[in-house]
Amino acid sequence: MHNLFSKLNPKHPLIILIVYDFCTQPILTCYQILTASLILLAIKQVDNIEFSYISFVNPFLPRCRVLIMLSRSVLILKWVFLLIIILANGNPPEEPVKCSNNFTNCTITNSYGAFPDRSTCHAAEATYPSSEEDIVLIVANATREKRKMRVATRYSHSIPKLACPDGEDGLIISTENLNRIINVDKEKMLVTVESGVTLMQLIDEAAKSGLALPYTPYWWGLTIGGLLGTGAHGSTLLGNGSAIHDQVVQMRIVTPGSQEDGYASVRTLKEEGELDGEIMAAKVSLGVLGVISQVTLKLQPMFKRSVTFLPKNDTDLSDQVATFGRQHEFADMTWYPSQKRVVYRIDDRVSSNVYGNGLWDHPGFQATPSLALLTLRLTEELEEATGDVVGKCIRGRLTTDTIRNTAFGLTNNGIFFTEYPVIGYQNRLQASGGCLKGLIDAKITTCRWDPRVNGLFFHQTTISIALSKAKDFIQDIQKLVSIAPQSLCGLDIYNGILMRYVTGSNAYIGEQEDSLEFDITYYRSKDPKTPRLFEDVLEEIEQMAVFKYSGLPHWGKNRNVAFEGAIKKYKNAAEFLKVKEKYDPLGLFSSEWTDQVLGLKGGLTIVKEGCALEGLCVCSEDIHCAPEKGYLCRPGKVFQDARVCTLVQVSTQSSSKAEL
Ligand SMILES: Cc1cc2nc3c(=O)[nH]c(=O)nc-3n(C[C@H](O)[C@H](O)[C@H](O)COP(=O)(O)OP(=O)(O)OC[C@H]3O[C@@H](n4cnc5c(N)ncnc54)[C@H](O)[C@@H]3O)c2cc1C
């Protein structure tokens with residue numbers, strides 16, 4: 001210790017520069033260490049500042065070493081500031097709407113920069129109302145001109161083409177400036193917000209008044225309008241429902257109107273009010289009814305939760321799923337089928353007297369160095385190109401072990417994780433989104449899916465299966481894994497399959513019954529005609545979920561195949577369409593995509609060369625796969641009715657590694 005300080009000027013304050021734990025920090029932040037070391041070297045060159053460091057074994061995890069770097073120079077403060085900016089800041093996602101000038105001649109995409117069919121949508125104009133009065137004017141003008149409209153949000157997170165107005169002449173109405181909290185009624189425990197408010201804002205504002213939203217998605221960046229548009233949810237089987245729309249008590253919506261109405265109407269919809277049936281349509285609306293301007297949600301008094309992540313083998317997973325969700329209020333599971341492991345989230349309310357100030361900073365939503373993302377992507381592309389299944393499995397295991405060692409982003413006090421359970425207030429544990437925050441920092445760090453850096457690029461298949469059928473679905477996936485043990489290693493790089501409990505809802509096109517939603521994220525090639533490793537297995541799982549188990553697709557995620565026949569699975573679809581007809585008889589807020597998923601128009605699946613690889617079709621001919629690469633259309637291995645692109649022709653030594 002004496003040696004450590006001897007070089008440093010004792011008159012200067014001691015500054016701890018970096019505390020780094022080589023074992024428990026996420027592997028991605030190794031890049032941060034590298035950047036920090038380079039910067040420290042540069043500082044030394046420029047200001048000749050002395051550093052010392054100390055390294056010791058982490059007392060909580062004896063296999064890990066902690067490194068602390070120290071300095072005693074005042075000059076270092078300016079550099080510390082620079083370091084903080086470089087290492088801690090995210091780079092907020094890009095605007096999804098881009099116009100050439102004066103808000104005209106625009107394009108719109110989603111936050112991933114690619115719709116399932118990879119097309120770019122065009123609109124003649126974008127407009128940014130900042131009040132309900134603005135919306136009324138905009139809707140009235142467009143209705144008079146019989147112009148197509150769609151509502152877009154600040155981030156446009158939905159994967160399918162929900163944001164696109166039809167044709168080239170459409171109008172995008174962005175909710176970016178509808179971002180105010182209108183009122184928090186502490187006594188009645190109600191909050192009223194404009195529809196462009198993000199989940200992060202809502203959680204923060206409610207917490208300031210000692211209130212909380214009980215069940216929410218895990219990602220801060222979603223807007224209230226977007227959440228309602230797609231029926232977004234958290235995970236629970238208890239309480240009043242898992243989705244945000246289950247907590248809505250009132251909404252105001254601006255719809256097209258008749259000439260007598262001045263071409264626009266403002267409707268106030270209340271739970272158990274006169275227009276009761278209509279709120280059930282507006283709660284999950286895909287944006288086809290009009291522009292939701294304001295939403296009132298019922299909150300609860302702030303409470304604390306106690307969270308433990310418990311890893312286990314998956315032998316009895318299929319038996320556990322039905323009961324686990326009823327045992328713990330915020331239960332979910334993360335499943336790694338190729339590792340035969342599952343992590344149970346044991347998560348319940350506890351008394352506010354229980355000590356703890358825990359925080360959840362979801363590892364997938366933290367700001368990540370773009371260089372690390374690029375490295376990950378290049379590694380994944382190389383594994384795919386060379387058929388390196390073993391490499392994928394090793395890396396998948398490493399990723400999930402690292403996430404487990406960092407307690408899945410949980411800390412007991414906002415800084416360190418010491419032990420389970422992690423106890424803390426609801427607003428600190430329910431959702432996160434570090435990569436949304438921060439200044440523009442030349443994209444040194446971003447959200448992992450940010451299309452501006454060559455980072456993660458993936459498909460997402462997110463389908464809920466009725467709880468009564470979830471057991472069999474899980475067993476079918478396990479059968480597939482027993483036939484091809486390494487086939488689902490690739491999922492582990494995206495932290496496995498997230499399984500959340502979703503409750504049946506009274507929203508007409510909301511969840512139909514208590515279900516388990518399977519959220520599966522997997523590699524997507526930059527080249528639409530290049531199959532992924534074990535292409536057939538993931539296609540078979542998708543088709544089993546949709547056709548064999550009659551699963552419902554998340555409206556804001558998924559590839560086209562998942563929506564095939566979906567609307568027929570909603571018993572009140574006709575009621576929904578009646579309200580749509582009443583609110584917007586000309587279908588000005590409808591688009592080709594919404595008409596297709598609502599069963600009003602054909603063409604949902606796009607049949608063309610290679611279409612099955614992108615989930616645009618179920619293959620019926622080899623040409624829908626990649627015959628030149630040996631991928632032909634074949635029946636599934638467990639679900640015989642599935643038709644999947646299977647590697648049957650081994651042309652090179654490397655591709656043979658990928659054959660089942
Ligand atoms: C990182 C990440 C994490 C996610 N986590 C979850 C999760 O935990 N749980 C979950 O269920 N989903 C999750 N999702 C998916 C998400 O729920 C949907 O994609 C979503 O709700 C999109 O919200 P958005 O605000 O970006 O809306 P957008 O995608 O922009 O819009 C969605 C739909 O809502 C309509 N809309 C938006 N605002 C209005 C309005 N004011 N009036 C009328 N219509 C409107 C739009 O027209 C569109 O049809 C996640 C997505 C991402 C990218």
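Two strands count as paired if DSSP finds at least two bridges between them. Helices (H or I, at least four residues) and strands (E, at least two) are DSSP runs, numbered from the N terminus. Residues are numbered from 1 along each chain as its sequence is written. What you have open is a predicted model, in which local features need pLDDT of at least 70 and side-chain atom pairs count only at pLDDT 80 or more, while totals for chains, interfaces and linings use all residues.

**Stop 1: an open sheet**

Start by selecting Arg252 and Gln294: the latter, in E14, is the bridge partner of Arg252. Now widen the selection to strand E12 (residues 248-256), which runs antiparallel to E14 and is joined to it by 6 bridges. Both belong to an open sheet of 5 strands in the order E9-E10-E14-E12-E13, with antiparallel pairing. At its edges you will find strand E9 (181-185) and strand E13 (264-270), each pairing on one side only. From one strand to the next, the twist averages 10 degrees.

Contact here asks that the C-beta atoms of two residues, placed from the backbone, lie within 7 Å. Angles run from 0 to 180 degrees between N-to-C directions, and axes are lines fitted to C-alpha atoms, for helices over the stretch in contact.

**Stop 2: around the ligand**

Which residues come nearest to the ligand? Select Gly225, Gly226, Gly229, Gly287 and Gly556, which hold that place among the 31 residues around it. A residue is near a molecule if its C-beta atom, placed from the backbone, lies within 6 Å of it. Strand E7 (149-152), helix H6 (224-230) and strand E14 (291-298) each give two or more residues to this shell. H6 provides the largest share, 5 residues. Color the shell by type and you get 14 nonpolar, 15 polar and 2 charged residues. In this scheme Ala, Val, Leu, Ile, Met, Phe, Trp, Tyr, Cys and Pro are nonpolar, Asp, Glu, Lys and Arg are charged, and the others, Gly among them, are polar.

**Stop 3: helix H12 and its partners**

Select helix H8 (residues 317-327) and helix H12 (residues 467-483), whose axes lie 8 Å apart at an angle of about 160 degrees. H8 is therefore roughly antiparallel to H12, a term for angles over 145 degrees. On the H8 side, show Leu317, Ser318, Asp319, Val321 and Ala322; on the H12 side, Leu467, Ala470, Lys471, Ile474 and Gln475 make the contact. These residues divide into 6 nonpolar, 2 polar and 2 charged.

Phe473, Asp476, Ile477 and Leu480 of H12 meet Val537, Glu540, Ile541, Met544 and Ala545 of H14. By type, this contact has 7 nonpolar, no polar and 2 charged residues.

**Stop 4: strand E16**

Finish with strand E16 (residues 304-313), which 10 bridges join to the antiparallel strand E18 (residues 341-350). Pick Thr308 to find its bridge partner in E18, Ile346. E16 also pairs with strand E22 (residues 422-425), in the antiparallel sense over 4 bridges. There, Arg305 stands opposite Gly424 of E22.

How values were computed:
Parallel < 35°, antiparallel > 145°, perpendicular 65-115°, else oblique.
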